[in-house]
Amino acid sequence: MGSIESLYDKIKNFTAQFFGGKGFSSTMTGYTTAELQASVFLLVLASLFRIFSVPLGIILVIAAIAGVIVFAPLIVTLERENESDLNRVLFWVVIYFAIIIAVTMWGR
Amino acid sequence: MSAVATNLWTIPLFVIIPIITAILLNLLYNKSRTIKVIAIASSIVLFVLALISPYGFQWFTGQPGVTPGGTYTFDASIFSYRLSLEYYFGGLQQILITIMSLLLVFVVFLSASSLRKNIGPYIALIFLLFMSSAIIIMVNDFYHLWIGVEMGSLLLAGVVAASGESISQKAALKYTFFSALSGAGMAIALAMILGVTGYSNITNAIQYIMSDNLSSLSGVLYIAFGFFVLSWIYAGGLAPIHPLKSDVYGSAFPHATVMLQTQSKLMIVAMGLIILRLFGTLPFAREVMLSVSVLTMIMGVTMALIQTDLRWTLAYLVVAHSGLVTLGISLGTVQGITGGLFQAVNDIVYMSVLLICCEAVMYFGKGTSIKTVGGIAKRAPWLALAVVIGAFAASGVPPFNGFQSEIILIQASLSSGLPEVAAIVLMVSVTTFIALFKPIYNIFLKPDNSPIAMEGDAGAGIATMAMVQPTSPVPKSIYLFLAILIAIIIVLGVYPQLALGFVQDTAIKVVYFPWVP
Amino acid sequence: MIELTLQFLSFMASALLILIGIAGMLFLDNLIKKIIAFTLLSDGVNLALVSLGYFEGGVVAILTPGTSVAEFPQNAVLIFGPGIVLTNIVIGVSTTAVLVALTMVLYKRYGTLKASKVLKGERK
């Protein structure tokens, strides 16, 4: 019981976060939609890993659900990581490049 | 494949005419009437040239291919050592260059009528942008590909910085830093492929990779692939460079963004096809490309949702829809590539409609932020109709062209066994609708309840320096351009075979005969 | 055991230059220093391209009156590398010019060269 209640509380608090202040504005609706979109996208992305192995996909989907609930609101993180700061983008590019090389080398 | 004519007379003209026009415009500098006449005349010449040009090759130095037997051949389907750098003009090139030159006419007209100073160099930059895109889409050798990408990125920086706001100068500087990085990467990739195969001609390099056992050298190929993908990501503004690319799109003038997004779509298509042809047989090559495209779509469309300025919403949507194009290409099937290429054609057209509408909104003098503008539909009902049609086309509503390509993409990903990707494509088109209708509702449909235009407060969205006076009426020419583009949207939406005929041939060649350009 | 040939050493030198360049672009805050790091990077690439075609006892790939036509193809170094280097130098110069010009404009606007101040995101 306890765990279900706390999950419910978490979700309720999470939705309430968006409607604090002066209700909703055209900016806030965008953020709410983007938050929902981002979490759904994350779940779909996690489920894509089934093309490598099905158990991995299931584990990742469960992990993604947990992550979405724990780390909500995601959109704040997403917006921060999407800043056009030169060093931040450079950092992400280096990470991407490393992953691309690692994955293709591993595939060999 | 039926193209046997070599040293086609039209191909050099796609490069020479823009260069000569650019030099002339630069010399004229500020004589706006003469500049306008010359620029529009030469862009119309380019449009006609793209329409009437036959298909064929341009072999630099004019040599034919040398067959292994030592004889010469002009037939592209026969195996031969090309010896030279080459351009190819086929169906894909024809439709993309035709649309690009049509847009060039519009962009030149718009910039000539809205800009006040430095008009000559600015339009010269736009012509050179056209030239670099034409080179990239026609190219069949690494050397020109590299030069085209480098030139394109420097020209892009120039066009963006020309809008004179601090944010655009910053965006240009950041993007140029990346051009330095990815240009170096591409040079290394080039060197690696040259070192392994010994050919600068892509056809010959692919034949060499396919026919010779390269297992001892495959590590070199993997690293070359990584660098190639890096510069592909950079040129198309795919994730993770999308924040910089959307900065570029959002801070340039909207009419310049029309040309910039066309250029980046052409780069994505050309480089994506070359990567697929060269490295398509490597394990995980397609998966890497697919993951980059999926991430681009997700990031672009999610970031588009939280923007409060039509200009920035469009900037992120352009990025997200580049992801749709690359998705089709990275699926690697005939259907997928057809869908991706068709999506590129459609995307260029409907995004141009939306961007030109955005430019028209600026003529009302309050910028494009949803906080400052309102009630435009009452003052310009036809503009509202155009932007709604553009939004419908972008979000894949049936009678318009976006629907036709998105349904091909969905079918292609379903038949490749990737229903999740199909779901993501669907979600992207629905989210596009939501992201676009927030600014459209606020700017066009909601009554204008802000009595005074806050000039200083409008942020990055407002046209400040070089644009025309606020509240001047929207030029009639904008409506004409919108009408033409909407006609294309509807025609392609009702009769997609018109464009599919051009791109299907390329898709078949890439999958089954990757060495044929 | 890897043999320490001249080619291998120059590849290592170019890798070092490229790494220094990337690290400089990532970690240095001054815009001019970033640009210098970029020039190091492009020099590293040029060195890699030149050493690609090198081999022991190779001759420059220009047919001079003294050389025999029959032996020339075996002795000449790979010509693509130097060819690309020439273009890369031109591209590097024009990129540097654009970078420096934009830096100048931004310096006039902000009065500082710190990337963390000049290039901070400015949106909404």
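Predicted model: local features only at pLDDT ≥ 70, side-chain atom pairs only at ≥ 80, totals over all residues.

Reader: What volume does the largest pocket have?

Author: The largest pocket holds about 1,400 Å³ of space. On a 1 Å grid over the protein atoms alone, a pocket is an open set of points with protein on both sides within 12 Å along at least five of seven lines, whereas a cavity is a set of points where a 1.4 Å probe fits but cannot get out. Grid points are joined across faces, edges and corners, and a volume is the space filled by probe spheres set on the points.

Reader: Which residues lie nearest the centre of the largest pocket?

Author: They are A:Leu45, A:Phe49, A:Tyr96, B:Leu295 and B:Met299, out of 41 lining residues; a lining residue has an atom within 4 Å of a point. The helix α11(B) gives the largest share of this lining, ten residues. Helices here are DSSP runs (H or I, at least four residues), numbered from the N terminus.

Reader: How does the lining of the largest pocket divide by class?

Author: The lining has 34 nonpolar, five polar and two charged residues. Ala, Val, Leu, Ile, Met, Phe, Trp, Tyr, Cys and Pro count as nonpolar, Asp, Glu, Lys and Arg as charged, and the others, Gly among them, as polar.

Reader: And where is the centre of the second largest pocket?

Author: B:Ile188, B:Met192, B:Ile223, B:Phe227 and C:Ile18 lie nearest the centre of that pocket, which is lined by 32 residues and has a volume of about 810 Å³. Its lining divides into 28 nonpolar, four polar and no charged residues. The largest share, eight residues, comes from α6(B).

Reader: How many cavities of 30 Å³ or more are there?

Author: The count is five. The largest cavity has a volume of about 210 Å³, and 20 residues line it, with B:Gln93, B:Leu273, B:Arg277, B:Thr506 and B:Pro517 nearest its centre. At least two lining residues come from each of α3 (91-114), α4 (119-138), α10 (254-279) and α19 (497-512) of chain B. By class, the lining of the largest cavity has twelve nonpolar, five polar and three charged residues.

Reader: What about the second largest cavity?

Author: Its volume is about 80 Å³. Residues of chains B and C line this cavity, including B:Glu150, B:Ser179, C:Phe38 and C:Asn88. The lining comprises five nonpolar, six polar and one charged residue.

Reader: Changing topic, how much area do chain A and chain B bury between them?

Author: They bury about 3,900 Å², 80% of it on carbon and sulfur atoms. Buried area is the accessible area (1.4 Å probe) that two parts lose on being put together, summed over both. In chain A, the residues A:Phe41, A:Asn82 and A:Tyr96 lose the most area to chain B, together 17% of what that side buries. The contact takes 39 residues from chain A and 50 residues from chain B, where contact means heavy atoms within 4.5 Å.

Reader: At what angle do α1 and α2 of chain B pack?

Author: Helix α1 (residues 10-28) and helix α2 (residues 32-52) of chain B pack at about 175°, with their axes 10 Å apart. Axes are lines fitted to C-alpha atoms, for helices over the stretch in contact, and angles run from 0 to 180 degrees between N-to-C directions. The angle therefore makes α1(B) roughly antiparallel to α2(B). Angles under 35 degrees count as roughly parallel, over 145 as roughly antiparallel, 65 to 115 as roughly perpendicular and the rest as oblique. This contact of α1(B) with α2(B) has 14 nonpolar, four polar and no charged residues.

Reader: And how do α3(B) and α19(B) cross?

Author: Their axes cross at roughly 135° and come within 7 Å, so α3(B) and α19(B) are oblique to each other. On the α3(B) side the contact is made by B:Gly91, B:Leu92, B:Gln94 and B:Ile95, and on the α19(B) side by B:Ala499, B:Phe502, B:Val503 and B:Thr506.

Reader: Lastly, is the peptide bond from B:Ala239 to B:Pro240 cis or trans?

Author: That bond is cis, with omega near 5°. B:Pro240 is in the loop between α8 and α9 of chain B.

Definitions and conventions: Residues numbered from 1 in each chain as written. Chains lettered and ligands numbered in written order. Heavy atoms only, no water.
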